[in-house]
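Here is a walk through a two-letter set of chains, taken element by element. Keep the viewer open and follow along.

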Amino acid sequence: MSGEPGAVWITQRDPEVLRPYMLTMGGTRPRHPMRYDTVLNATGRRSGALQPEAATTLDLCRQRARTVVEVAGLLRLPVLVTKIIASGLIDQGVLADPAERPPTDPHSPHNLRHLLDGLQALEVS
Amino acid sequence: MSAPPGASPRELSPLPRSAVEIPAPDVQFKIVIGGGFGAGKTTLVRCLSEIAPLSTEEILTAEGEQIDSLDGIDRKTTTTVAMDFGIRTLTVPVRSALHLFGLPGQDRFRLLWDDLALGAVGAVVLTDTRRLPDCFPCIDYFEDRGTPFVVAVNQFDGAHRHSVQAVRQALELPTRVPVQTCDARDFRSALGVLRALVLHALQELTTPLPAGRSAAGPDQPTGMLP
Ligand SMILES: Nc1nc2c(ncn2[C@@H]2O[C@H](COP(=O)(O)OP(=O)(O)OP(=O)(O)O)[C@@H](O)[C@H]2O)c(=O)[nH]1
Ligand SMILES: [Mg+2]
């Protein structure tokens with residue numbers, strides 16, 4: 001095990017375990033199913049009053065669409081807590097419901113050719 | 001290194017409220033990066049990513065299962081794992097986003113691998129020729145799942161330069177699986193590995209596989225899961 005960022009390491013930080021409850025206003029489970037790479041898009045609608053973490057999440061997603069892991073990394077929050085916060089923002093209508101967005105089929109030759117062309121274009125750029 | 005415990009998100013620099021909205025591209029791809037300890041996973045993800053390196057923590061049960069409720073958090077039975085991820089926006093032929101995820105090295109995190117690998121175009125397995133067997137769990141995993149993968153042979157300083165053929169033999173890889181050398185620190189080299197993977201994934205779609213294995217088996221998109 002190395003000390004590199006991204007290395008697998010295990011910690012037990014008691015106070016940290018309790019903090020998420022406060023951030024999610026007692027919510028313990030995201031109502032909207034989300035994955036690590038679920039994309040969070042702002043809808044452009046105005047929000048009501050938000051907790052600081054929720055406000056920051058919304059601001060980040062207003063700058064540009066962000067994945068769940070990216071928001072979690074920027075906010076330094078566990079992924080699950082981020083999902084609960086994002087879920088609340090979806091309920092408020094300020095983040096788009098990711099379920100309404102069809103996933104890209106990774107087994108479609110058409111899509112794979114797009115990806116290949118995109119990577120090729122990066123190489124010559 | 002990770003976020004200092006208790007770091008407040010309020011320490012983040014304030015964001016302009018009137019920022020322009022950039023919607024997500026409609027097309028989203030994912031490639032996962034596996035390999036043994038120190039094989040270069042973090043380096044590869046960072047080299048290809050356009051976003052600043054971030055490390056995200058996930059809370060897991062002692063068995064490595066993802067928890068889906070904060071009610072499940074018991075400080076004696078949960079562990080946290082730090083994950084690498086990156087994004088690269090592609091603009092040709094349409095705007096799309098490529099998501100890159102490093103798989104935590106230990107195979108006791110297999111349940112997390114499942115979650116990360118679901119819906120991926122394919123996988124890169126990084127190898128360190130000084131510790132070749134370290135990548136076996138990863139190779140077995142992708143073979144079992146039917147996820148297309150390429151083996152990237154990292155050229156570490158001071159390591160004996162093995163031929164690609166020698167690595168292929170040592171890992172008992174079928175000829176269809178591409179093996180190529182790479183320098184995970186070099187953008188073009190890393191990009192070459194991704195291209196080899198996507199080309200391979202395309203070929204796997206059109207070439208029949210040995211009986212009992214299906215390219216699109218467990219990796220079939222199943223929509224969003226919790
Ligand atoms: N020479 C050389 N060094 C590399 C290459 N890729 C990674 N390294 C170095 O090898 C070390 C380990 O790389 P990491 O990217 O941290 O490996 P990892 O797979 O993320 O490691 P763990 O997360 O600890 O399992 C770092 O010091 C890198 O700079 C490469 O292609 N060539
Ligand atoms: Mg790493």
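How many helices and strands are there in chain A? Chain A has 5 helices and 2 strands. Helices here are DSSP runs of H or I with at least four residues, strands are runs of E with at least two, and both are numbered from the N terminus. This is a predicted model, in which local features need pLDDT of at least 70, side-chain atom pairs count only at pLDDT 80 or more, and totals for chains, interfaces and linings use all residues. Residues are numbered from 1 along each chain as its sequence is written, chains are lettered from A and ligands numbered from 1 in the order in which they are written, and side-chain values use heavy atoms, with hydrogens and water left out.

Start with chain A. From the N terminus its elements run α-β-α-β-α-α-α. Of its 125 residues, 58% count as buried. Buried means under 20% relative accessible area, exposed means over 50%, and partly exposed lies in between (1.4 Å probe, protein chains only). Take the contacts in chain A with a separation of 6 or more: residues 24 or more positions apart account for 69% of them. A contact means heavy atoms within 4.5 Å.

Now pick out single residues. A:Asn41 lies in the loop between β1 (39-40) and α2 (52-63) of chain A. A:Asn41 is buried, at 11% relative accessible area. Leaving aside neighbours within four places in sequence, its contacts include A:Val94, A:Arg101, B:Ile22 and B:Pro23. A:Glu53 sits in helix α2 of chain A. A:Glu53 is also buried, at 2% relative accessibility. A:Glu53 and A:Ala42 are 11 residues apart in sequence and 15 Å apart in space, C-alpha to C-alpha. Elsewhere, the charged end of A:Lys83 sits over the ring of A:Tyr36, 5.5 Å from its centre. That term requires NZ of Lys or CZ of Arg within 6 Å of the ring centre and within 35 degrees of the ring normal.

Move to chain B and its strand β5 (residues 122-128). Why is β5 of chain B described as largely enclosed by the rest of the structure? Because 7 of its 7 residues are buried. Both faces are covered. B:Gly122, B:Val124, B:Leu126 and B:Asp128 are buried on one side, and B:Ala123, B:Val125 and B:Thr127 on the other.

β5(B) has parallel partners. Strand β1 (residues 27-35) of chain B pairs with β5(B) over 5 bridges, and B:Ile33 stands opposite B:Val124. Strand β6 (residues 149-154) of chain B pairs with β5(B) over 6 bridges, and B:Asp128 stands opposite B:Asn154. Pairing takes at least two DSSP bridges between the strands. β5(B), helix α3 (residues 136-145) of chain B and β6(B) make a right-handed β-α-β unit. Right-handed means that, with the strands pointing away from the viewer, the path from the first strand over the helix to the second runs clockwise.

Next, the aromatics. The whole structure holds 4 aromatic pairs over all chains. One, B:Tyr141 with B:Phe142, is edge-to-face: 5.3 Å centre to centre, 70° between the planes. Rings of Phe, Tyr and Trp (its six-membered ring) pair if their centres lie within 6.5 Å; planes under 30 degrees apart are stacked, over 60 edge-to-face, the rest tilted. B:Tyr141 is buried at 5%, and B:Phe142 at 0%. With B:Trp113 and B:Phe149 they form one aromatic cluster.
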